[in-house]
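Me: I am new to this structure. Please walk me through it, and tell me what stands behind each term you use.

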Amino acid sequence: EKADLLAVTERVIRNFKMIHQQFDFNFQYDPNQAYDIQMSENHLEQVLIIVFDNAIKYSDRIYKVDIRLKQEKGRAMLTVKDYGIGIPKEDLPQIFHRFYRVDKARSRAKGGNGLGLAIAKQLTEGYSGTIEAASEVGKGTEIRFTFPLVAKQKTGGKEGVSKK
Ligand code: ATP
């Protein structure tokens, strides 16, 4: 399956913008590149919603989310950065585990089960993608994805003679 990472990211940002109008969403990408990845569009959208939802849920003072998309070493790299409460270093390795929530009291007030990131990781890795987090308490959190790009379709020439 194939998904246009750029188009799906733009769509998710557009929807979040409508619901969270106090937030600033900055999206940067190279418009000269293609970002087709090997992933179900539905699953990709689900993953992005989980991560955007967290960025918003755990922002307290600065309502800004920076999204970057680029190509690196044959993969698409997507980062989603917030300026929220951050995650303590000792909790960082656990946030992708099922039912893990940092500071139970703090997280409970925000709602949720601690399942979102576990699901996001499982879906991403199911398509040979990677997901990791970098964070600093009081500064914010950055979620970094890489996805395998779909090889460019060759047109013309001998290799181009392919039939369905
Ligand atoms: P849900 O199951 O609804 O997603 P959740 O947000 O608690 O609930 P996860 O998305 O799995 O669950 O996140 C796990 C924990 O990691 C959260 O409880 C929160 O403490 C921390 N966390 C995740 N994203 C961020 C973020 N952007 N900033 C700060 N903390 C975060």
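Reply: Helix 2 and helix 4 (116-126) each supply at least two residues of the shell around the ligand. Helices here are DSSP runs of H or I with at least four residues, strands are runs of E with at least two, and both are numbered from the N terminus. This is a predicted model, in which local features need pLDDT of at least 70 and side-chain atom pairs count only at pLDDT 80 or more, while totals for chains, interfaces and linings use all residues. Residues are numbered from 1 along each chain as its sequence is written.

Me: How many residues surround the ligand, and which are the closest?

Reply: There are 22 residues around the ligand, and Y58, R101, V102, G112 and G116 are the closest. A residue is near a molecule if its C-beta atom, placed from the backbone, lies within 6 Å of it.

Me: What makes up the shell around the ligand, by class?

Reply: The shell has eleven nonpolar, nine polar and two charged residues. Ala, Val, Leu, Ile, Met, Phe, Trp, Tyr, Cys and Pro count as nonpolar, Asp, Glu, Lys and Arg as charged, and the others, Gly among them, as polar.

Me: Which word describes how helix 1 and helix 2 lie, parallel or oblique?

Reply: The axes of helix 1 (residues 5-19) and helix 2 (residues 41-57) cross at roughly 45° and come within 10 Å. Angles run from 0 to 180 degrees between N-to-C directions, with axes fitted to C-alpha atoms, for helices over the stretch in contact. Under 35 degrees counts as roughly parallel, over 145 as roughly antiparallel, 65 to 115 as roughly perpendicular and the rest as oblique. Helix 1 and helix 2 are therefore oblique to each other.

Me: Where do helix 1 and helix 2 meet?

Reply: L5, V8, T9, V12 and F16 of helix 1 meet E41, L44, E45, L48, I49 and F52 of helix 2. Contact takes C-beta atoms, placed from the backbone, within 7 Å of each other. This contact has eight nonpolar, one polar and two charged residues.

Me: What about helix 2 and helix 4: how do their axes cross?

Reply: Their axes come within 9 Å and cross at roughly 145°. Residues of helix 2 that meet helix 4 include H43, Q46 and V47, and their counterparts include L117 and I119. By class, seven nonpolar, five polar and one charged residues make this contact.

Me: In what order do the strands of the sheet lie?

Reply: Five strands form an open sheet in the order 2-4-5-7-6, with mixed pairing. Pairing takes at least two DSSP bridges between two strands.

Me: What makes strand 2 (24-29) and strand 6 (130-136) the edge strands?

Reply: Each of these strands pairs on one side only.

Me: How many bridges join strand 6 and strand 7?

Reply: Seven bridges, in the antiparallel sense, link strand 6 with strand 7 (residues 140-148). A133 stands opposite I143 in strand 7, and A134 has E142 as its bridge partner there.

Note on methods: Two residues are in contact if their C-beta atoms, placed from the backbone, lie within 7 Å.
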